[in-house]
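Hi everyone, thanks for coming. I'd like to walk you through a structure, so let me put it up on the screen.

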Amino acid sequence: MVPQDSLLIILVRLIKLIPIAPKPKQRKRGRTKTYPDQLFLKALVIMIVRQVHTPSGLLAILAQATQEMQVLRQELSLGDNRFPCRRTWERRLASIPDSLPTQIACLGGFLLDLLGLWTKSACAAAIDSTVLIARGGVWHKKDREKGEVPHTSIDTQAHWTKSGWHGWIYGWKLHIVVSAACNVWLPLAAEVTSANIADNEQAPALISVLPPNLRFLLGDQHYHDQTLSQQCDSRGCTLVTSFTGKNNPYLHHDDGVEVRKILHKTRSIAIENFNEHFKAIFDVHGSVPTKGLVATQRFVLSAVFVYQLAILYCFLQNLDLRVGLKALLKAA
């Protein structure tokens with residue numbers, strides 16, 4: 001990296017320093033892919049930083065005759081200067097959400113070791129989901145049951161959920177696991193679904209990719225599930241959740257009450273602050289800028305991936321790992 005490189009170019013080139021998640025061993029029909037997955041991860045960084053969310057938008061900014069875009073176009077080309085055609089961009093960017101959760105987990109584990117987070121604090125993580133509002137109008141239940149779409153702005157692949165703070169919301173859910181009990185909110189696993197998917201239903205996929213040295217997984221009452229507890233036990237970690245008693249929801253006098261209070265506060269500090277931090281950085285306190293499940297998964301999961309890259313950049317530059325990330329990415 002040379003001093004005249006823009007921050008965006010530096011972030012794109014960081015892809016070369018990170019491990020690429022291995023693909024599942026499956027025999028698929030068709031010819032071998034010409035362009036590696038690493039190339040499309042670079043493209044995602046450009047799309048998030050420059051706030052474009054379609055392949056055509058990406059190609060439009062890469063076509064600009066600036067020195068920065070010429071360098072980035074070279075980064076997205078093979079050694080013999082072959083550059084993917086529009087159809088290749090559309091096809092590969094449509095399929096990349098399937099592999100992004102694995103890549104996020106892979107990079108999360110890499111950063112966990114690089115930063116030495118769990119050598120300085122408890123090997124703990126917090127799990128939760130946060131609701132993202134769908135773009136356009138809402139599809140009311142009565143219209144959905146009739147199969148009627150009153151307005152073309154409605155994203156019919158989104159769904160309803162009820163938030164304890166905000167009431168009924170039409171949109172999506174980001175299911176996320178972040179490091180807890182330390183000074184960095186590091187994403188370790190992530191998935192995006194329609195908002196009606198229950199937290200405990202999506203949790204097994206998140207838990208299965210968490211680092212093996214995890215000892216405590218902290219969740220709220222939505223994760224108070226025997227199946228999840230058994231899954232955690234089988235991998236050597238303890239699932240700690242809040243729960244409501246049947247007879248008296250506030251009457252808990254067992255020996256673990258005081259310990260759970262500390263752990264629940266630790267969970268809240270980590271996950272609640274991360275969710276607000278993430279939404280502020282990527283401007284999703286309002287609606288998401290995308291429409292449809294695939295486009296929304298690509299945008300949100302790419303944003304999590306770029307958040308991880310920003311932490312890596314700050315670590316390499318000896319910057320604060322939590323403060324100033326929004327300004328950093330805006331400056332790129």
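**Cysteines, a helix and some rings**

Let's start with a cysteine: Cys-85 is partly exposed, and its relative accessible area is 42%. Cys-237, by contrast, is buried, with 2% relative accessibility. Please keep in mind that this is a predicted model.

So, how many disulfides are there? The count is zero. Take Cys-237: the nearest cysteine sulfur belongs to Cys-232 and is 3.8 Å away. A disulfide needs the two sulfur atoms within 2.5 Å, so Cys-237 is in no disulfide.

Next, have a look at helix H4, which spans residues 67-75. Which of its residues are buried? They are Glu-68, Met-69, Leu-72 and Glu-75. These four sit on the same side of H4, because the arc they cover around the axis is only 110 degrees. Turn to the face pointing away from that buried side, and you find Gln-67 and Gln-70 exposed. And what covers the buried residues? The cover includes helix H1 (7-13), helix H2 (37-49) and helix H3 (55-62).

Now, on to the aromatics. The structure has six aromatic pairs. One of them joins Phe-83 and Trp-89: this pair is tilted, with 5.7 Å from centre to centre and 55 degrees between the planes. Both Phe-83 and Trp-89 are buried. Phe-83 also has the charged end of Arg-73 over its ring, 3.9 Å from the centre.

Elsewhere, Phe-274, Phe-278, Phe-282 and Tyr-307 are linked into a cluster by ring pairs. Finally, Arg-322 lies over the face of Trp-185, 4.3 Å from the ring centre.

Methods. Residues numbered from 1 in each chain as written. Predicted model: local features only at pLDDT ≥ 70, side-chain atom pairs only at ≥ 80, totals over all residues. Heavy atoms only, no water. Buried < 20%, exposed > 50% of the residue type's maximum accessible area, 1.4 Å probe, protein only. Helix = DSSP H or I, 4+ residues; strand = E, 2+ residues; numbered from the N terminus. Arc of directions from axis to C-beta. Contact = heavy atoms within 4.5 Å. Phe/Tyr/Trp six-rings, centres within 6.5 Å; stacked < 30°, edge-to-face > 60°. Lys NZ or Arg CZ within 6 Å of the ring centre and 35° of its normal.
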